[in-house]
Amino acid sequence: MAKKQGLRSWALIGVAFVVQALSASAQSTTPLQGLVQRLLPHAYHKNFDFKIVPDIAPANPENKYDVFRVSNKNNAINGSRVLIEGTTIAALGRGLKYYLDQAAEAELAWTGDRFDELPRVPPSVPDVELDTKLTVTTGHVRGSFVPHRYYTNVVTYGYQFAFWDWKRWEREIDWMLLNGINLLPALVGQEYVVRQFYRNLGLTDKDLDSFFTGPVYQPWQRMGNLQGSWQHELLNTSAANELVYKNKFIDSQWALQQRILTRLREFDITAILPAFQGFVPQALAAKFPDAVFKKSSKWSGFPDEHTRVTYLLQTDPLFNNLTAQYLKLQQELNGGYTSHYYLLDLFNELVPDCKTPECMRAITSSVTHALQSVDKDAVWAMQGWFLTTFPDVWTPAATSAYFAGIKDANGTPFIMDLAAESKGLAVWDDTNGFYGNDFGWSLLNNFGAAQGLFGKLSTIFTVPFELYSKYPNLKGLGVTAESINNNEYVYSTVFDLAWRNPKQPVNKAEHLSQFIRRRYGPNRASTTVQSAFATLSKTVWDAPEGQLSQSKSFIEKVPALDMYTAPGAWLGTVYYYNKTEVVGAWTKLVQAALVENRSNVPKTFKFDLVDLTREVLLGSTVLPALHKNLIDAYTAKNIPKIRAAGRQVVALITDLNNLLNTHRLFSFGNNVRDARESIDPITRSGYIQFPPSANGPSQAGYQQFLESNARDLVTWWGPEGAGELADYASKQWGGLLTSYYLPRWTLFIEELEEAVAAGKAWENTGFLAKTLAREAAWQKEAWGRKPGESWETNGQEPTEVVRELYAKWGATAIRVAAGGTA
């Protein structure tokens with residue numbers, strides 16, 4: 001009997017494989033040709049022959065997922081010279097990147113590409129692999145050692161994606177495919193489904209007004225942390241008009257989401273779609289008087305009207321009912337599409353109402369049954385971040401019970417361990433690999449969308465491989481960055497590791513060298529440049545274990561007499577690395593820039609040069625030293641020295657503002673423009689029609705609402721300037737430095753001088769009150785109306801400005817880094 005059963009099982013597996021193979025072979029590779037035509041020069045448009053081949057044998061037993069083979073064709077049929085075969089579309093995309101890496105040493109990056117420098121005649125696939133140095137004559141075969149490579153976390157949709165248009169999304173999805181990403185939380189326009197869902201239940205748009213946030217805060221609304229919007233309070237405008245603007249934004253984002261989902265399906269990237277979250281408008285409770293509704297815990301010190309969100313008890317029978325209604329509506333609105341992956345975070349930074357293991361188990365079992373009532377193949381995707389908060393709640397017993405409840409209901413979870421690069425935040429370590437449930441190791445690396453140079457390469461290069469050997473339920477690697485355009489080498493390394501043999505260590509020096517050659521071009525990857533990056537890899541990108549986050553620049557903090565925090569503090573101001581070495585790396589990049597002609601500098605180099613200059617002058621080295629001079633002069637009651645030190649601070653901030661404005665990715669004006677133009681994310685026409693009305697909604701009012709969201713997020717982070725999250729998502733952006741931060745510093749310097757002149761101690765309380773009043777006025781402003789408020793860049797060449805700043809501030813940086821004074 002057992003033998004017959006075994007034969008039957010193998011037969012079923014064989015049938016399943018055939019079905020999967022037929023499905024894979026039926027996939028169209030046409031979208032890949034579209035990607036080639038969008039990104040590469042015309043000579044490459046017919047260079048590739050893409051083929052789905054389901055049975056490619058992996059190069060080793062470990063790398064068995066999404067296998068690709070890249071080879072030269074014996075004859076150039078139809079002009080194509082390179083054959084890229086893959087078991088899936090994701091494999092073909094990664095195979096194309098492999099060709100570009102190996103044959104052309106070029107890649108698509110967030111901050112630019114060098115595809116305009118590709119050889120006029122597409123090169124053949126080389127026999128020798130650049131990374132392994134092995135000679136391959138029958139085709140280069142690679143595969144992933146995990147089935148899932150995923151990207152983003154929930155809050156990225158507020159910090160980074162809120163105002164993206166289709167053109168920017170299209171490029172990002174192309175980048176995803178080239179990196180082999182096949183799993184994405186697809187959350188754009190989610191409120192469209194939510195709004196229709198509650199309308200179907202009898203709620204009015206006015207009922208929803210106090211529930212829906214503004215665009216940049218939607219992620220925290222989705223997770224039950226926030227509710228309602230406050231832009232009309234900041235702007236002193238109409239709340240009724242704001243409701244119209246929120247609905248307009250929801251409509252436009254839904255149109256954008258349909259484009260995104262279409263492209264994801266073409267690229268066979270699984271979209272993780274939202275489940276019914278359980279967080280509901282207050283008015284819903286009156287519609288269902290027999291159900292149990294409660295209030296979630298207060299979050300991050302927000303006023304109760306914007307937190308303490310109403311939620312439906314997950315074990316109430318109504319939860320199952322509403323889950324079924326929501327998922328069916330979502331599938332209908334998406335044209336019948338479902339991916340079987342559903343995102344649901346029940347307790348993101350929230351204290352559960354019930355805390356016993358029995359209660360936890362009942363909650364997750366109930367939620368799992370609710371998902372399965374609609375989709376028997378449902379996978380409950382979740383972020384593991386909630387287990388890093390409130391350790392008195394998430395005891396081993398409570399945590400184990402939480403996942404046991406899913407198992408009781410025969411559910412399938414997939415947990416993204418959100419910040420697994422830091423031992424103090426990695427949940428897998430405290431749960432013995434999530435108790436056997438499928439999980440992914442993730443790199444977050446930039447809390448609050450911080451810009452600072454930061455990374456943990458020693459961990460990244462080793463821990464995922466160690467987990468593979470220890471936990472067979474490790475099923476994914478992912479980047480869960482809260483924003484992009486920073487630390488690109490660190491993030492790209494994660495996706496590269498997925499395609500390497502986890503039983504073989506990576507040659508880190510060679511790995512970095514190849515990255516630089518792809519990023520800048522082989523001819524620009526000089527010994528000087530290589531040495532600079534080798535230093536960065538051992539300093540800024542090799543943070544100690546206890547350092548959980550980037551350090552925060554003084555410029556992003558409210559000025560004070562003492563601005564230093566304890567070493568290792570969360571987003572603290574103490575920099576962990578050797579400043580002399582980092583200043584030395586900066587010097588080498590400046591030297592490399594001197595060698596290049598202005599027209600010969602790639603976009604990626606310009607970005608890195610500006611970024612490292614920002615790190616040294618505003619971050620770790622010069623500004624803290626100038627602040628010390630200022631405070632020493634105040635302590636000595638020396639007014640001439642206060643004035644001299646103050647002039648230096650102002651000069652540095654002004655100089656860096658000018659530099660940052662040379663690059664659109666460091667431009668506040670560029671960010672505001674994106675916000676204002678998001679009224680039409682498809683065509684970006686910049687026009688939307690409202691009925692004529694004296695005090696009603698208007699295009700100007702709508703765009704100011706969007707700009708207010710963009711301003712508020714990177715400054716006050718909420719309705720109150722003194723809130724707990726003020727300056728949490730701060731940015732070192734041109735325009736923001738002089739319009740928002742510099743007034744703080746000039747007032748601070750003036751008050752220090754006045755205090756000494758009056759023979760009094762400087763008084764912080766009064767200073768904060770004046771600062772908040774100024775910032776409140778700034779929140780109401782519209783960008784572009786004052787001199788110097790540019791929308792993209794100031795037109796200056798970044799490399800030239802950096803050279804000037806190095807001549808002015810370089811010696812100071814070297815001296816301070818070595819322990820001297822400014």
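Student: What makes the crossing of α22 and α26 left-handed or right-handed?

Tutor: A crossing is called left-handed if the near helix is turned anticlockwise from the far one by less than a right angle, and right-handed if clockwise, and α22 passes α26 in a left-handed crossing. Before we go on, note that this is a predicted model, in which local features need pLDDT of at least 70 and side-chain atom pairs count only at pLDDT 80 or more, while totals for chains, interfaces and linings use all residues. Residues are numbered from 1 along each chain as its sequence is written, and side-chain values use heavy atoms, with hydrogens and water left out.

Student: Why are α22 and α26 called roughly parallel?

Tutor: Helix α22 (residues 622-635) and helix α26 (residues 736-758) pack at an angle of about 20 degrees, their axes being 10 Å apart. Angles under 35 degrees count as roughly parallel, over 145 as roughly antiparallel, 65 to 115 as roughly perpendicular and the rest as oblique, and therefore α22 and α26 are roughly parallel to each other. The axes are lines fitted to C-alpha atoms, for helices over the stretch in contact, and angles run from 0 to 180 degrees between N-to-C directions. Helices (H or I, at least four residues) and strands (E, at least two) are DSSP runs, numbered from the N terminus.

Student: Which residues of α22 make the contact with α26?

Tutor: With contact meaning heavy atoms within 4.5 Å, α22 contributes His627, Leu630, Ile631 and Tyr634, and the residues from α26 include Trp745 and Phe748.

Student: How do you know that Cys354 and Cys359 form a disulfide?

Tutor: A disulfide is a pair of cysteine sulfur atoms within 2.5 Å, and the sulfur atoms of Cys354 and Cys359 are 1.6 Å apart, so the pair meets the definition. A search of the whole structure finds 1 disulfide, and the link of Cys354 and Cys359 is left-handed, with -65 degrees about the S-S bond.

Student: How do you know that β2 and β3 pair, and how many bridges join them?

Tutor: Two strands pair if DSSP finds at least two bridges between them, and 5 bridges join β2 (residues 65-72) to β3 (residues 82-86), the two strands running antiparallel.

Student: Why do β1 and β6 count as edges of their sheet?

Tutor: The open sheet of 4 strands has the order β1-β3-β2-β6, with mixed pairing. Both β1 (48-52) and β6 (140-144) have a single partner strand, so one side of each is left without a neighbour in the sheet.
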